[in-house]
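Biologist: I would like to learn how to read a structure one feature at a time, beginning with a single residue and then widening the view. Could we look at one together?

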Amino acid sequence: MFTRILKTLAVATLVLGVAQAASARTFITIGSGSTTGLYYPTAVGMAKIVNEAGIDIRANARSTGGSVFNDRAVGAGQLQMGVSQNNVAYYAYNGSGVEAFEGKPVDNLRGVAVLYPETIQVLARKDADIKTLADMKGKRVYVGDIGSGTEQDVKNLFGAFDMSIDDLKAPVRGSAGSAVGLLRDGQIDAMFYTVGLGASAITEAAQTAPIELVSVAPEKIEELNAKYPFYTRIDIPEGTYPNMGSASAVTLKAMLVTSSDLSEDAVYQFMNTVFNEKKDAFYNDIANPNLKKYFTLDSALEGMSIPLHSGAVKFFKEQNIDVKDSLLPSS
């Protein structure tokens, strides 16, 4: 009888220990974007690295509507992390700039790291006779989903040409992945796609349809930069996509965001695993060539548009990266 009791107690202790270990584990869902873009493989890749590292974090990636959704969902506790354009994160934190955030700041939104440049790529069918953004008047153009960061970018870009979305024959909404299909099939004339260079959806469409890149004039980019510091110039090299030449374009930054509600230790562990201990996997195993080309710890705060999470501050200081006072969280 006594032996049976001891065995029962041992099993109970083991179960309790397992339950306590499970309860101590942090679960992180990372919001990404369309499965045809680069946010999704980036989030999936980081989650895989974390899950295989044997730390007290389990992570998974979720396909979402992109920056605006991710920032709102992180603020509401529906996501623990998300990938976002740096300008959208700024709008979210400050409660301005995008209709979804007007008067509703996401004040618990925090920065983790800037990942890579994200280019506003302007694509048009060659038979649409669009050489500049001004030529889009009276055309069928995809302008981003309603309330999206891309939509706000389009409004700002058109403003530099004294245009508005109302000047289009048909402003098309929906997902960017679907819009690439519409462009390929000739159902729209042009589109704006804010994504890292080399996006697979554009590559695939360019192989089968007469599509070209439309340049934004450098002087217009300078004008935009003076008004919106997030926007800078980037040159898309010839050969980035099949059958396309080079183009000058506007770039933002893709960044990883989180909530101040996530513990300092969890964010620190996540960053130390992905960006330090398993950095070879981060550079080589994630299906996003922009990470290997552009990401370094020295550049991971360039373009950071909101205060950092305390766990990020701890990580960067440990890596001897200078953190400006303006990026320190207030709490």
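Biologist: Is Glu-52 buried or exposed, and what is its relative accessible area?

Modeller: Before answering, please keep in mind that this is a predicted model. A residue counts as exposed when its relative accessible area is over 50% and as buried when it is under 20%. Glu-52 has a relative accessible area of 57%, so it is exposed.

Biologist: Which side chain does Glu-52 meet in a salt bridge?

Modeller: The partner is Lys-48, with 2.9 Å from N to O, and Lys-48 is partly exposed at a relative accessible area of 48%. The structure holds seven salt bridges, and another one joins the side chains of Asp-127 and Arg-125 at 3.4 Å, N to O. In that pair Asp-127 counts as exposed at 58% relative accessibility, whereas Arg-125 is buried with a relative accessible area of 11%.

Biologist: Which parts does the salt bridge between Arg-173 and Glu-151 tie together?

Modeller: The closest N and O atoms of Arg-173 and Glu-151 are 2.5 Å apart. Arg-173 lies in the loop between E6 and helix H6 (176–184), while Glu-151 belongs to helix H5, so the pair ties together parts that are 22 residues apart in sequence. Arg-173 counts as partly exposed at 31% relative accessibility, and Glu-151 counts as buried at 10%.

Biologist: How should I read a helix, and what span should helix H2 have?

Modeller: An α-helix has 3.6 residues a turn, so residues three or four places apart point the same way. Helix H2 (residues 39–51) has 13 residues and, at 1.5 Å a residue, should span 18 Å, which agrees with the 18 Å between its end C-alpha atoms. Among the buried residues of H2 are Tyr-39, Ala-43, Met-46 and Val-50.

Biologist: Now for a strand: how many residues of strand E7 are buried?

Modeller: Six of the six residues of E7 (residues 190–195) are buried, so this strand is largely enclosed by the rest of the structure. Both faces are covered, with Ala-190, Phe-192 and Thr-194 on one side and Met-191, Tyr-193 and Val-195 on the other.

Biologist: Which strands pair with E7, and in what sense?

Modeller: Strand E4 (residues 109–125) pairs with E7 in the antiparallel sense over six bridges, and within this pairing Gln-121 has Tyr-193 as its bridge partner. Strand E5 (residues 140–142) pairs with E7 in the parallel sense over two bridges, where Tyr-142 stands opposite Met-191.

Biologist: What should I look for inside, and which residues touch the most other members of the largest nonpolar core?

Modeller: In soluble globular proteins, nonpolar side chains tend to be buried together. Here the largest nonpolar core has 88 residues, of which Phe-270, Phe-275 and Phe-316 touch the most other members. Domain 1 (26–116 + 254–327) and domain 2 (119–252) both give residues to this core, so it lies between them. The residues that Phe-270 touches include Met-46 and Val-50, along with Ile-28 and Leu-256. A second, separate core of 27 residues includes Met-136, Leu-168, Ala-190 and Val-250.

Biologist: Finally, what is the phi of Asp-162, and where does this residue lie?

Modeller: Although Asp-162 is not a glycine, its phi is positive, at about 55°, and the residue lies in the loop between helix H5 (149–159) and strand E6 (170–172). Asp-162 is exposed, with a relative accessible area of 73%. Asn-320, likewise not a glycine, has a positive phi of about 60° and is found in the segment after helix H12 (310–318).

Methods. Residues numbered from 1 in each chain as written. Predicted model: local features only at pLDDT ≥ 70, side-chain atom pairs only at ≥ 80, totals over all residues. Heavy atoms only, no water. Buried < 20%, exposed > 50% of the residue type's maximum accessible area, 1.4 Å probe, protein only. Helix = DSSP H or I, 4+ residues; strand = E, 2+ residues; numbered from the N terminus. Pairing = 2+ DSSP bridges. Expected span 1.5 Å × (residues − 1). Core = buried A, V, L, I, M, F, W, Y, C linked by side-chain atoms within 4.5 Å. Domains from an automatic or database assignment. Contact = heavy atoms within 4.5 Å. Salt bridge = Lys/Arg side-chain N within 4 Å of Asp/Glu carboxyl O.
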